[in-house]
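Please look over the sequence and the model shown here before reading on.

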Amino acid sequence: KDTFKGLLLLQTLDLSKNILTSLRRNTFHGLNSLIELRLTSNKISSIENGAFDGLNRLRVLHLEHNLLESINSSWLQQLNSLRFLYTSNNLLKQLDGGTFRPLIALSELSLNNNTIHRIDDLAFEGPIGRSLDTIDLSYNLLPAVPSSAFYYLSKMASLDLSGNPIKDLTSSSFSQMHLVENLQLNNMYQL
């Protein structure tokens, strides 16, 4: 709990390439000035509710190359200022409804190189729909374009679905994506 006590002005913390397996409640207690947290290339498989409590100014969170199987909205509760979330190269299988609801300022979400095969229609419902403009879902296991889930993303400008086993593109696949400027659909081996 008091591991980082006294580091009142710390803005960047890099704990990459260690053997961290879990993040416990209040792990980062007292780091009220933290803007960027790097937890890349660990073995994190669980994050307790409250692990990020007190990180109200955090803007960038790196969780790439870990062993996370899911993203739980309860551990995102305190991250109101988060703008960039990187969760590539984990073991994520699906995105549940309301997962990202606490992230009211998120603009970029990286979910590439996981095993995501299902995205709930309400995964991006809520304030995130008005802030998120870039999503990378490349190299997952999506069998179709999750257009119903993208319905809530009114600002989405960039979408990468490359490397997914999507078999068909229909007239409704991208019908709700009026502001998309960058669409990547390369290396789709079943299309």
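**Charged pairs across the loops**

Glu69 is partly exposed, with a relative accessibility of 46%, where buried means under 20% relative accessible area, exposed over 50% and partly exposed in between, for a 1.4 Å probe and protein chains only. The model is a predicted one, in which local features need pLDDT of at least 70 and side-chain atom pairs count only at pLDDT 80 or more, whereas totals for chains, interfaces and linings use all residues. Residues are numbered from 1 along each chain as its sequence is written, and side-chain values use heavy atoms, with hydrogens and water left out.

The side chain of Glu69 meets that of Lys93 in a salt bridge, at 3.6 Å from N to O; the term stands for a side-chain nitrogen of Lys or Arg within 4 Å of a carboxyl oxygen of Asp or Glu. Because Glu69 lies in the loop between strand 5 and strand 6 and Lys93 in the loop between strand 6 and strand 7, the pair ties together parts that are 24 residues apart in sequence. Strands here are DSSP runs (E, at least two residues), as helices are (H or I, at least four), and both are numbered from the N terminus. Lys93 is partly exposed as well, with a relative accessible area of 37%.

The structure holds five salt bridges, and another of them joins Arg24 to Glu48, with the closest N and O atoms 3.2 Å apart. This pair also links distant parts of the chain, since Arg24 is in the loop between strand 2 (22-23) and strand 3 and Glu48 in the loop between strand 4 and strand 5, 24 residues apart. Arg24 counts as exposed at 52% relative accessibility, whereas Glu48, at 33%, counts as partly exposed.

Most residues other than glycine have a negative phi. Ser41, however, has a positive phi of about 60° although it is not a glycine, and Ser41 is found in the loop between strand 3 (36-38) and strand 4 (46-47). Asn89, in the loop between strand 6 (84-86) and strand 7 (94-95), likewise has a positive phi, near 55°.

Taken as a whole, the protein chain has one helix and twelve strands, which run β-β-β-β-β-β-β-β-β-β-α-β-β from the N terminus on. Buried residues make up 45% of its 191 residues, and its C-alpha atoms fill a box of roughly 55 × 30 × 25 Å, taken along the principal axes.
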